[in-house]
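Hi,

Here's the structure I said I'd pass on to you. Open it up beside this email and have a look around while you read.

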4 protein chains.
Amino acid sequence: MEALVYRVGMAHPGDVSEVMRLIDDGRVPVEGIVAILGKTEGNGCVNDFTRGYATQALKQALAARLGTHPESLDQRIAFVMSGGTEGGLSPHFLVFARQAGPAAAVDEAPALALGAAVTRAFLPEEIGTPIQVEATAEAVAAAIADARVARPEDVHYVQVKCPLLTRERIAAAAGRGKSCATEDTYHSMALSRGASALGVAVALGEIARSAVAPWSIGEDVALYSRRAATSAGIELMHNAVLVAGVSRAWSGSLTIAHEVMGDAIDLPALHRVLTTLGLPAGRQLTTAESQRLVAVLAKAEPARSGQIRGARHTMLDDSDINATRHARALVGGVLAGTLGVTALFVSGGAEHQGPDGGGPVAIIARRA
Amino acid sequence: MEALVYRVGMAHPGDVSEVMRLIDDGRVPVEGIVAILGKTEGNGCVNDFTRGYATQALKQALAARLGTHPESLDQRIAFVMSGGTEGGLSPHFLVFARQAGPAAAVDEAPALALGAAVTRAFLPEEIGTPIQVEATAEAVAAAIADARVARPEDVHYVQVKCPLLTRERIAAAAGRGKSCATEDTYHSMALSRGASALGVAVALGEIARSAVAPWSIGEDVALYSRRAATSAGIELMHNAVLVAGVSRAWSGSLTIAHEVMGDAIDLPALHRVLTTLGLPAGRQLTTAESQRLVAVLAKAEPARSGQIRGARHTMLDDSDINATRHARALVGGVLAGTLGVTALFVSGGAEHQGPDGGGPVAIIARRA
Amino acid sequence: MEALVYRVGMAHPGDVSEVMRLIDDGRVPVEGIVAILGKTEGNGCVNDFTRGYATQALKQALAARLGTHPESLDQRIAFVMSGGTEGGLSPHFLVFARQAGPAAAVDEAPALALGAAVTRAFLPEEIGTPIQVEATAEAVAAAIADARVARPEDVHYVQVKCPLLTRERIAAAAGRGKSCATEDTYHSMALSRGASALGVAVALGEIARSAVAPWSIGEDVALYSRRAATSAGIELMHNAVLVAGVSRAWSGSLTIAHEVMGDAIDLPALHRVLTTLGLPAGRQLTTAESQRLVAVLAKAEPARSGQIRGARHTMLDDSDINATRHARALVGGVLAGTLGVTALFVSGGAEHQGPDGGGPVAIIARRA
Amino acid sequence: MEALVYRVGMAHPGDVSEVMRLIDDGRVPVEGIVAILGKTEGNGCVNDFTRGYATQALKQALAARLGTHPESLDQRIAFVMSGGTEGGLSPHFLVFARQAGPAAAVDEAPALALGAAVTRAFLPEEIGTPIQVEATAEAVAAAIADARVARPEDVHYVQVKCPLLTRERIAAAAGRGKSCATEDTYHSMALSRGASALGVAVALGEIARSAVAPWSIGEDVALYSRRAATSAGIELMHNAVLVAGVSRAWSGSLTIAHEVMGDAIDLPALHRVLTTLGLPAGRQLTTAESQRLVAVLAKAEPARSGQIRGARHTMLDDSDINATRHARALVGGVLAGTLGVTALFVSGGAEHQGPDGGGPVAIIARRA
């Protein structure tokens with residue numbers, strides 16, 4: 001097997017022309033696409049419709065090429081749109097595909113491996129609870145098997161798309177005599193992201209299954225995965241999982257590495273990722289070097305303490321700009337200074353994804 | 001002479017308690033204060049009243065200690081408030097003072113030198129014109145002399161506070177039969193900042209006096225100073241100039257260096273400043289190293305091209321968040337990753353201050 | 001002929017289900033649709049992608065029902081999305097259609113009449129110039145003829161969708177040695193709206209053709225139409241015109257009336273419209289009365305003077321919320337208080353559409 | 001006694017020149033000032049520093065005239081700044097003062113009466129609890145007595161300024177082994193406003209003391225006062241109460257009336273207030289009539305249902321503009337259309353102040 005990952009730009013959230021060109025040029029086999037991530041220029045919060053717009057445009061165009069209905073695509077491709085290109089972040093799509101290929105040669109390093117899986121559909125009252133944690137852990141295990149990644153430590157990034165609660169869904173549960181984890185629909189996004197991240201942590205052996213109590217979801221910041229990136233959306237009721245790791249069962253020129261940022265300005269974490277990838281840390285990458293970066297994936301959030309290394313930040317008290325918008329801009333700047341590129345997939349809402357105020361950073365790169 | 005520079009935090013824009021503690025503790029002689037810069041948590045745009053609030057609080061508290069009227073303080077101290085702590089920037093004041101001291105010893109490197117000067121009050125119709133350029137150049141020369149800095153190349157940072165046009169001022173000019181450089185009061189801030197920056201460039205020999213045509217102010221991005229930082233405010237009609245450089249006539253442990261960032265992610269420029277200061281470039285500073293940084297001063301702006309190194313940015317098309325707010329967050333992240341601190345004086349509106357999309361960065365540091 | 005106008009809600013900008021239900025229920029013949037207006041919940045400014053999202057969703061769904069390609073629909077239906085539901089405004093679509101029907105009976109009042117027309121495609125250098133004014137005036141005349149409206153005074157509302165300049169379009173003109181009316185793409189929206197509104201004013205005889213000088217477009221606030229509502233969009237290069245008036249050639253229960261608001265709180269103008277329509281002015285409409293309102297169409301903008309009846313407003317100095325957003329919220333409140341409904345098509349950007357700070361208000365209502 | 005109420009404008013939040021002119025002109029005796037309300041142009045949310053700026057400016061100027069220290073003024077004058085002039089609202093101050101005067105003549109209607117009182121300072125753990133409700137009720141009773149208002153039904157408006165929780169205050173309580181009503185400092189503002197409003201309701205007999213359970217504060221929207229307007233601020237730990245009613249013990253030309261708006265577009269409630277005041281309802285007031293309005297005081301909030309009269313509003317899902325900002329703009333428009341003025345004291349955060357989505361509206365007017 002061989003993993004293909006491409007990063008292409010967009011002129012606006014409905015512009016999928018560069019994704020289609022990848023297909024039409026033969027670089028990406030449309031049947032092999034397993035996931036498309038998009039960094040779109042909305043606010044990344046409740047009323048960010050750039051995500052739905054981009055998803056609608058992608059489905060419409062892909063359905064035409066696949067000769068199927070747009071609605072059926074959710075079963076075969078994970079569409080994960082993350083809104084917010086604050087600071088200098090540049091809107092882009094990341095296309096993940098698989099095609100036939102040999103295993104790694106004996107003298108080759110293991111190559112990038114991709115696997116996918118889904119959970120069953122959740123009931124509203126299961127979202128943000130240990131049931132979602134458990135089901136996600138099982139799906140992550142299935143995706144690891146699908147990726148033919150041998151060991152948990154060879155997994156470097158797990159993207160999960162998870163559902164949220166709406167007024168209607170809460171009412172449906174209530175109609176069956178069930179109460180949901182929250183009645184605040186915005187907060188349900190955090191709980192679903194958090195439960196999903198804890199499921200990743202359990203599957204990867206980062207935390208013990210028994211460590212997750214119902215009350216710890218969204219609350220106990222000491223529990224976290226170093227490799228999870230989770231994102232909630234209204235358009236599904238199940239969790240969709242994409243696993244990226246390395247495996248000798250795969251070949252090709254791509255590889256992946258990750259670290260966790262301890263806070264929003266933890267540049268040394270990025271330096272370690274670069275070193276692992278055989279790229280220089282300690283100066284800005286040259287153009288040739290930065291062109292080896294295929295995807296840069298990071299999570300950002302404001303520290304709940306209200307401080308970064310003892311200095312007050314104003315993200316949480318700003319009623320004009322949402323805190324996650326500040327956090328994405330900041331982390332984007334920290335990464336861009338060293339990488340020399342701004343098309344970075346920095347997303348917000350990092351519940352149980354790295355420590356408070358920090359988050360995972362993973363890079364998929366072409367080997368030298 | 002000896003220059004004193006302190007950076008202290010604030011709990012909110014009206015909180016000047018830490019500035020007063022510097023005075024009350026005897027670290028700063030209140031009569032020696034020449035300038036107070038403040039990075040306040042407003043939007044940095046038209047309706048940012050955190051600047052006026054902080055200035056009012058400073059004047060009220062300083063007037064009590066100096067036994068004078070708050071209004072009279074503009075004559076002796078430059079108050080330069082810059083709004084906007086986007087991303088992770090931390091609100092803070094920078095207090096600049098002078099006290100008696102010996103010249104540098106023979107075997108000592110030249111120390112930080114501070115000088116100040118003001119222009120005459122401008123007529124509204126002179127703002128944003130070559131007349132303002134010329135008067136600013138003269139004031140900069142006077143401030144350099146005041147600082148006893150021997151050579152233009154020993155000047156590393158010139159902060160200018162300049163006036164803007166209001167509806168009333170434009171009307172007053174019209175009443176005398178004069179027209180102003182613009183009738184757009186917001187745009188007048190850009191023109192005044194731009195003309196002031198060009199005045200600095202002329203004084204420092206960065207551009208020829210003859211290169212400045214009336215139409216080039218605010219338009220010709222090829223003309224710029226590498227050391228100017230200018231800021232417009234409603235509360236004055238003259239330009240107030242603060243020059244920071246190095247001089248053998250001064251002693252003390254402080255020094256200063258600068259570079260110009262070629263674009264918003266030009267981390268190598270910061271690396272060069274650090275190297276000049278004897279600090280390591282190429283890894284994040286340790287806590288001990290970052291404590292040597294007394295003031296970090298940078299300008300930020302969105303590239304007019306709509307791109308950073310070929311990738312689209314969305315700052316200029318964002319009608320929810322002003323472009324300068326994005327730019328400050330971004331540059332703050334680029335700098336904070338390497339410096340390990342977030343109390344950075346990153347300000348927006350960099351007309352003729354560095355190239356399009358870039359800007360000067362200067363650091364005042366304690367010598368090892 | 002008979003005009004049909006329906007107002008339906010949307011759950012989000014991509015939700016066109018209620019529009020489709022009108023068609024599927026047989027209330028609206030899909031072939032008869034001449035225009036769909038949408039009030040979507042974006043910011044109504046540059047980066048408002050809710051307009052494109054809604055348009056894409058409408059075209060996709062309508063193309064399926066018409067058995068044609070989505071791209072071809074611009075030729076037969078005017079899609080006019082107006083972003084911004086500030087204050088209490090409620091997102092909704094307005095569907096305008098025509099179907100066969102008798103002329104008004106002898107003893108009947110003239111009924112609502114609808115007509116449409118398009119100009120040729122403009123060259124970039126023609127946008128915002130007298131050429132666009134003239135071509136729009138011709139198209140309005142054609143649409144009036146199409147609507148079989150006998151007299152200019154029987155026209156009550158003219159909606160125009162017009163193009164804007166992009167960086168690429170300006171460059172294309174420059175490549176032919178032509179300069180455009182502005183190089184500021186955002187400002188080009190105002191100039192295109194303004195030129196289009198002046199075209200309406202000329203066609204309706206509200207101003208003389210000779211009164212429009214090139215410099216007056218966007219500048220001379222004394223020139224305006226009392227019946228134009230214009231909106232700029234990136235997706236077309238021609239002007240699309242929808243005329244709504246009354247005519248004896250049409251039958252049906254709908255009629256229309258209009259007035260111009262002299263400022264943003266000119267409630268008496270609304271009272272006059274209601275009186276014309278046979279509805280009570282002077283108290284809030286009852287539910288039964290408000291159900292007779294089919295479409296309420298108004299333009300809103302902040303007074304350039306910075307004042308409303310001598311009291312300072314803060315719309316123009318607010319760098320957090322765009323001035324047009326304030327204006328829509330305000331006018332929406334003024335209208336909603338009397339009408340008792342919030343699904344009002346209040347749109348911003350009223351250059352040459354009513355006097356400075358005011359704008360037209362038109363109501364389509366079912367006769368008692 | 002005679003009550004004096006003046007409304008004056010401000011050029012910016014630090015501009016108190018018109019308030020001082022009232023004093024310097026002899027219209028307001030500085031010793032008689034009991035309260036100053038300010039509608040300032042901030043965002044009205046957490047980081048709205050226009051309130052602190054205006055308060056600082058007022059205290060500085062008043063202290064100079066009273067020959068006292070600014071800090072001591074909180075004991076004698078209630079400063080209640082409400083941020084947010086969305087839509088067309090015009091920034092202004094309302095000065096409330098008392099001076100000696102006869103009682104009402106036998107044939108005169110009762111005149112405006114003003115009374116003030118304060119509670120003791122609260123402990124952090126008391127804020128947002130029944131203890132605050134009870135203490136507020138006692139203070140309201142004291143203020144009614146101070147105002148010499150004979151009957152509860154003669155009270156028309158009760159303004160309360162109340163404290164909020166900060167991280168430090170919560171920690172202090174925890175240090176004594178006490179937990180606070182919430183650990184969310186922003187939410188503490190809502191709880192404090194809500195408890196204060198319930199205290200007003202109890203004092204006025206609008207609800208029974210026994211109806212207030214701890215859990216109902218901030219939750220049970222069926223419990224509310226029709227005359228309370230409460231506002232939380234960081235600068236005090238007690239509640240300050242201003243009561244406005246009518247009494248035969250007072251003379252002068254001012255009177256007051258109130259109603260409660262059932263939702264944000266309940267214009268009929270305003271009409272009833274006008275009728276009570278002898279002003280015409282049913283058309284916009286003339287300039288002469290609107291000049292009789294001295295103060296218009298209203299509360300605004302978004303309906304939790306997400307709807308206004310069955311139509312979806314977008315206030316609660318808007319992550320760019322805070323919901324209270326939308327609500328103020330909307331209610332401001334509803335009132336301004338009929339009143340013909342925009343200097344309206346519309347404030348947000350109406351917990352237990354009127355029904356869900358609605359709020360009290362009171363007008364102080366000069367008798368004809």
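Predicted model: local features only at pLDDT ≥ 70, side-chain atom pairs only at ≥ 80, totals over all residues.

**Where chain A meets chain B**

Start with these two chains. On the chain A side, 39 residues are in contact with 39 residues of chain B. Putting the two together buries about 2,900 Å², and carbon and sulfur atoms give 53% of that area.

How many salt bridges are there between chain A and chain B? The count is four. In one salt bridge, the side chain of B:Arg312 meets that of A:Glu41, at 2.7 Å from N to O. If you're new to this, side chains of opposite charge can pair when their charged atoms come close. There are polar contacts too: 16 residue pairs across this interface, both partners having pLDDT 80 or more.

Which parts of chain A do the touching? The elements giving two or more residues to that side are α6 (267-276), β12 and α8 (323-339). The biggest share comes from α8(A), with nine residues. Sorted by class, the side of chain A that touches chain B has 16 nonpolar, 16 polar and seven charged residues.

**Salt bridges elsewhere**

Over all chains, a search of the whole structure gives 76 salt bridges. One to find on screen is D:Arg312 with C:Glu41, where the closest N and O atoms are 2.7 Å apart. Why does this pair join two chains? D:Arg312 sits in strand β12 (residues 311-312) of chain D, while C:Glu41 is in the loop between β2 (33-40) and α2 (50-66) of chain C, so the pair links one chain to the other.

**The second largest pocket**

Rolling a probe the size of a water molecule over the atoms shows where empty space is left. The second largest pocket found here has a volume of about 520 Å³. It is lined by 28 residues, and the closest to its centre are A:Arg309, A:Gly310, A:Ala311, B:Arg7 and B:Ala343.

Both chains feature in the lining: β11 (307-308) and β12 (311-312) of chain A, along with β1 (2-9) and α7 (287-290) of chain B, each supply at least two residues. Which element gives the most? That would be β1(B), with three residues. As for class, the lining has twelve nonpolar, eleven polar and five charged residues.

How values were computed: Residues numbered from 1 in each chain as written. Chains lettered and ligands numbered in written order. Heavy atoms only, no water. 1 Å grid on protein atoms, 1.4 Å probe; cavity = no way out; pocket = protein on both sides within 12 Å on 5 of 7 lines; lining within 4 Å. Points joined across faces, edges and corners; volume = space filled by probe spheres on them. Helix = DSSP H or I, 4+ residues; strand = E, 2+ residues; numbered from the N terminus. Nonpolar A, V, L, I, M, F, W, Y, C, P; charged D, E, K, R; others polar. Contact = heavy atoms within 4.5 Å. Buried area = accessible area lost by both parts, 1.4 Å probe. Polar contact = N/O pair within 3.5 Å; in protein donor to acceptor, adjacent residues only side chain to side chain.
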